Amino acid sequence: MRASVLLLAAVVFSGTAAAADDAVPETRVERWTRLRREKAARAAPPHPGFLERTLIALEKAERPSFFGFNVGGVYPRALNIASGSETAAGIRLWRPDLGRSLVDLHASAFYSIRGYEYYDLQLGRLAHRGDEFPARSTRGDDVYELGDVARVDAGRTVLYGSARWRHYPQIGFYGLGADSPTEGRTSFLSQDALYEVVTGYQGPRGAATVRAGVMQAFVGPGTEEEVPSIGALYDDRSAPGLERQPDFIHLAASLLLDGRDQPGNPHRGGMIALAASRFDERGGDEFTFNRIAGDARAFASLGSPQRVLALRALASADRPASGARVPFYLQEPLGGSRTLRGFRTFRFRGEKLLLLQAEYRWEAWPALEFALFVDAGRAYGRGEDFATSGLATDYGFGMRLKTHEAVLARFDVARSSEDTRYLLRLGPSF
Amino acid sequence: MAATALAAAPPRFLPDDPVRVDPDRLPIAKPAEVDLSTAYDVIENTFQHRPGGDVPAAVNVNTLGEVPDSSWFTNRIGARAMSVEEIARGAATVGPPDVAQPLTVIASKSGGITPGFTMRDARGNVYFVKFDPAAHPNLSTAADVIGSRFFHAFGYHVPQNDVAYIRREQLRIDPGARVTVSGGKKRPMTEDDLDRNLASAARLPDGRIRIVASLGLAGEPLGPFQYRGTRGDDANDVFPHEHRRELRGLRVFAAWLNHDDSRSLNTQDMFLAGDGGGYVRHHLIDFSSTLGSGSNARREIAPQNPRAGNEYVMELAPMLRTLFSLGLWERPWRRVPYPEHPGVGRIEADFFRPEAWRPEYPNPAFERMRDEDAFWAAAIVHEFSDDAVRAAVATGELGDAESERYLVDTLIRRRDKTVAHYFPRTNPLASFAVEGSALRFRNLGEEAGLGRAEGYDVEWSVFDNATGRHLPLGSPVSGPVSVSVPVPVPVPVPDHDAAFLAARISTRSSTCPAWARPVTVYLRRGAGWEVVGIERGP
């Protein structure tokens, strides 16, 4: 390039032409005109390369984004449908305000590379913002997911019916309580269906919902080849509900108070989510229990928006009816990419659970964030009270790709006394 | 070829030097219309086309170092007197739309972040229309109008932009109006489409909508130009764009007004057909991202992101510094305070440093700006009086005296910082002319109050145009010290019968040592002496 410019400059500003003959222009204007006539003889339109052509085509199509591609409201998607599922491919049907009514329709179907399946359907007035997808609820009543409910500028009432079916064939189980050994690792199949009616309110600073429905569950042998199935190491005493899985009437109420500046990518503010639920065994009371849970998160900018201290405390307590037990497959787990990151998914389970997390996050670039973190938590066995002794801990380093509104993906390296985990996940840690 | 030319000892000056008009309007066939990918432009200019090694001098200047009038540029302020009324008038030709009559919407807007449409007024003039969001009335429209006035006065080809006020009831949809829907398909525009388009627009208490109406450019659109290379099918386009002085110097203007969106996407080539062909005229368009107006992280019109003008959208060094300091190192621009004034975005003058200013992503022409390019542009900036700035800002109709005062003051201070940075980097002598038997010139640095010239050392020589050799004429003489500003400094021209004379002038200044860098002025004998060349030496 530079050589050609020098050559051009030599021709443009020199007083002689390329050769001292009769064709040499005598004036600057003639010289410049000659350059133009020469170029006219070899004029050619520009030919953008493949990448440029492709990007032009995409931009001219005026699609909102790659993620907005859909056919008749059916969106192809790839995501994690559950802890340990690995990536799942599938579709989401999303038709907000059907026929300009107040009724929304959402459905999804996913199949993961580990054989996990997930199907759901919601019809009614869902909690969502504009044309955006509603928060995807894989667990329904779970306090973990309440923070994902979208806020809206103007409050709206929520009322819808929901049906969900799940098939998770490789759920980990190590026994109950904090002392469960790593050698006790097994896997089981968890299959359930949930039919419920949900009503509530979605507002600019939170949401409140009440739900009632029926849950059917089935537990079977796990399909993970590296570890034995649950029946090889555990029985109905050490894994309550292993022999029989009743149906439940499920009632739940939840409240989210959200003061985060940007829920998907918070820099300041906080949120608190509370959930109370009852699992009432149909036709018996061997497994009837109540649960209360709370999830509090706080975010503080440390002198600059690029430095954020993120804190989280989560607690859950199950209270079985007199003489009843809490099924192991409904007990809350700890371990994995959103809780104790240095431990395997579902590493701990218990009737009570405590999780404390702290992250120091710093943005090197608005779309690139790094983090140092520490997690501590414990699952408590039956009869144990909350205590801060015996907490399992881990620490690590993370990198996140994000937009202004959301963490798109993260890579966390977490180390604990048991393991060093490399976690590549979609979505935030908390 | 070049070697042959050098061996032939070319004359430095040709008979028609200095060329005042570049004849780049030779009739050509209509070039192909081109599209630009925003994403590709970011990637390409960030990772390619960065200058390596020495940057050659601009190639489209005349022997005085000036940019000739061309299809790219028309010398205005600085080259001639421009009244404040003329500056405020801008590129006006037919005036703003006739809003007393019904207006016909003929197309929806595509591209960019601002909603809008294209309309035709009762006189048949076509305007591209944009408006402000309800959250930030006046912000974008004022910037677009004011920016157009400045860039027109600089000398660029720009559209006529005006503020106007319309009512929804005035708008009729042309049966041929189409909207593009997801997937690139088009369908007829409906009243609902128009309502949605206008839903976010700021409205006056009486319901009117303030718009910026940009008169359609003459000719047939060919798409944007790039800040590098040339258009292959435009025979008139022979100077690589990154080596055009008006595109390199555009960096100085863009910094002054914080036009961080000064990229190819905001340019427009138009083909003006005539008998036996036509030619391409090159325009700058869309000044809504100037003067602190811009967009937020959600790509909504808002006061500009504080990063804009301070850091490229992708810049490795600050990323690494932040990463390895665990976030303890903080970008200095993050702590810049911006006062809040209605209709004015994030623009200030305290933190502003013209040399550190950056557009959204690297611009090949900006990155090749040399001192002489910057001096050329800074000299134009210097020509804007306070009243001229005031007149240009007034066209934005900010409607708030304090906002207007703040913007004017900020631009005046940024102007002064721009001049103060670039003038001391070279010998700021300009406006050379021979009057009678004296060579006169202006010291722009003194005029700007940046220093005081204690004297001028002038070395005269006879210049051999055929060989390029200088034959010293006597010993260096000292010219008179400027006694008042801006009275031109007279230097007697030696009585000699040579065809060419050269005066090598250094400015003695204890306050600005760089002014000692010599400027060589070439005189050619015609009916009298005329200035034929200026060389700003290292």
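The largest nonpolar core of this predicted model has 112 residues, and Val252(B), Phe253(B), Ala378(B), Val381(B) and Val521(B) have the most contacts inside it. A nonpolar core is here a set of buried Ala, Val, Leu, Ile, Met, Phe, Trp, Tyr and Cys residues joined through C-beta atoms within 7 Å. A residue is buried if 20 or more other C-beta atoms lie within 10 Å of its own, exposed if 12 or fewer, and partly exposed in between, with C-beta atoms placed from the backbone. Helix α4 (residues 139–154) of chain B gives the largest share of this core, 9 residues. At least three residues of the core come from each of domain 1 (2–22 + 37–83 + 230–266 + 302–425) and domain 2 (429–536) of chain B. A second, separate core of 30 residues includes Tyr174(A), Leu242(A), Phe289(A) and Phe346(A).

The model is a prediction, in which local features need pLDDT of at least 70 and side-chain atom pairs count only at pLDDT 80 or more, while totals for chains, interfaces and linings use all residues. Residues are numbered from 1 along each chain as its sequence is written, and chains are lettered from A and ligands numbered from 1 in the order in which they are written.

Two residues are in contact if their C-beta atoms, placed from the backbone, lie within 7 Å. Leaving aside neighbours within four places in sequence, the contacts of Val252(B) are Pro354(B), Ala374(B), Ala377(B), Ala378(B), Val381(B), Thr418(B) and Tyr422(B). Pro354(B) is also in contact with Lys417(B), as are Ala349(B) and Phe352(B), again leaving aside neighbours within four places in sequence. Lys417(B) belongs to helix α11 (residues 401–422) of chain B. This lysine, Lys417(B), counts as partly exposed because it has 18 C-beta neighbours inside 10 Å. Between the C-alpha atoms of Lys417(B) and Ala235(B), which are 182 residues apart along the chain, the separation is 40 Å.

Chain B contains 12 helices and 22 strands. Both kinds of element are DSSP runs numbered from the N terminus: helices are H or I with at least four residues, and strands are E with at least two. The C-alpha trace of chain B spans about 80 × 60 × 50 Å along its principal axes. Of the 538 residues of chain B, 49% count as buried. Among contacts in chain B with a separation of 6 or more, 72% are between residues 24 or more positions apart.

Chain B is divided into domain 1 (2–22 + 37–83 + 230–266 + 302–425) and domain 2 (429–536), with bounds that come from an automatic or database domain assignment. The C-alpha centres of the two domains of chain B lie 29 Å apart. Across the boundary, 17 residues of domain 1 of chain B are in contact with 19 residues of domain 2 of chain B. On the side of domain 1 of chain B that touches domain 2 of chain B, α9 (371–382) and α11 of chain B each supply at least two residues. The largest share of this side, 3 residues, comes from α9(B). The residues of this side of domain 1 of chain B divide into 10 nonpolar, 3 polar and 4 charged. In this count Ala, Val, Leu, Ile, Met, Phe, Trp, Tyr, Cys and Pro are nonpolar, Asp, Glu, Lys and Arg are charged, and the others, Gly among them, are polar.

Some backbone features of chain B were also noted. The peptide bond from Asp17(B) to Pro18(B) is cis, with omega near -5°, and Pro18(B) lies in the loop between α1 (2–7) and α2 (38–47) of chain B. Asp286(B), although not a glycine, has a positive phi of about 60°. Asp286(B) is in the loop between β11 (277–284) and β12 (293–295) of chain B, and is buried, with 27 other C-beta atoms within 10 Å. Ser431(B) is not a glycine either, and has a positive phi of about 55°. Ser431(B) lies in strand β14 (residues 429–435) of chain B and counts as partly exposed, with 14 C-beta neighbours inside 10 Å.
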